[in-house]
Amino acid sequence: MPVSKTLLISAGLFFAVIFSAFVILTNNHSTPPAHIGGPFQMTTHLGANINEQDLTGKPFLVFFGYTHCPDVCHTTLFEMSEILRALGPNAKINALFVTVDPERDSAEVLKDYLSNFDSRIIGVTGTRSQLESMLREYRIYAKRAPGNNIDYTVDHTTVVYLMDKNGHFVSPFDVSRRPYDAARDIEKYL
């Protein structure tokens, strides 16, 4: 018994409509951003208290590292400085460098270290418990590597986050590309 052409076309159209509806419904639901960031209470490299509310009103970059880092930290801070320079001196943006080694990185040590980079980068330190809380909020791994009490390294996550004007996570931010291109991406959030 042959199946009529009309029945085949109708069945094909029916499945096409169902499939299209499925695609439309599943693509309209955007995935919510990961929960990164949150409340913290720390100290800046200038000795002032800082918390998440102090950063509202401007987007900000945040990077966790330490001053005794042998390579990636100073490279990342240099790249952040170049992006800030490309944004211009009047750009309404913050940038944080949060130490993962508060035992060695006092406010004074951070101040001296950051004198090599853009002055808009704010060094952040605090007690070990303050830092642990912030590490959890930002989903950062940091663990002191074996070694003596003076000369040791800290294994840590090396991501730079872009946060919006309200302190909400936007995305991991690639600072290793051309500063002009990175600056144009940040301008969307100014």
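Guide: A residue counts as buried when its relative accessible area is under 20%. Keep in mind that this is a predicted model.

Visitor: Which residues of β5 are buried on one side, and which on the other?

Guide: In a regular strand the side chains alternate between the two faces of the sheet. In β5, Ile 121, Gly 123 and Thr 125 are buried on one side, and Ile 122 and Val 124 are buried on the other. Both faces of β5 are therefore covered.

Visitor: Why is strand β5 described as largely enclosed by the rest of the structure?

Guide: Because five of the five residues of β5, residues 121-125, are buried. For the protein chain, 41% of the 190 residues count as buried.

Visitor: Which strands do bridges join to β5?

Guide: Pairing requires at least two bridges between two strands. Strand β1, residues 41-44, is joined to β5 by two bridges, and the two run antiparallel. Thr 43 has Thr 125 in β5 as its bridge partner. Strand β4, residues 94-99, is joined to β5 by four bridges, and this pair runs parallel. Here Ala 95 stands opposite Ile 121.

Visitor: How does the chain cross from β4 to β5?

Guide: The path goes through helix α3, residues 107-114, and this β-α-β crossover is right-handed.

Visitor: How many helices and strands does the protein chain have?

Guide: The protein chain has five helices and nine strands. As for contacts with a separation of 6 or more, 71% are between residues 24 or more positions apart.

Conventions
Residues are numbered from 1 along each chain as its sequence is written. This is a predicted model: local features need pLDDT of at least 70, side-chain atom pairs count only at pLDDT 80 or more; totals for chains, interfaces and linings use all residues. Side-chain values use heavy atoms; hydrogens and water are left out. Buried means under 20% relative accessible area, exposed over 50%, partly exposed in between (1.4 Å probe, protein chains only). A crossover is right-handed if, with the strands pointing away from the viewer, the path from the first strand over the helix to the second runs clockwise. Contact means heavy atoms within 4.5 Å.
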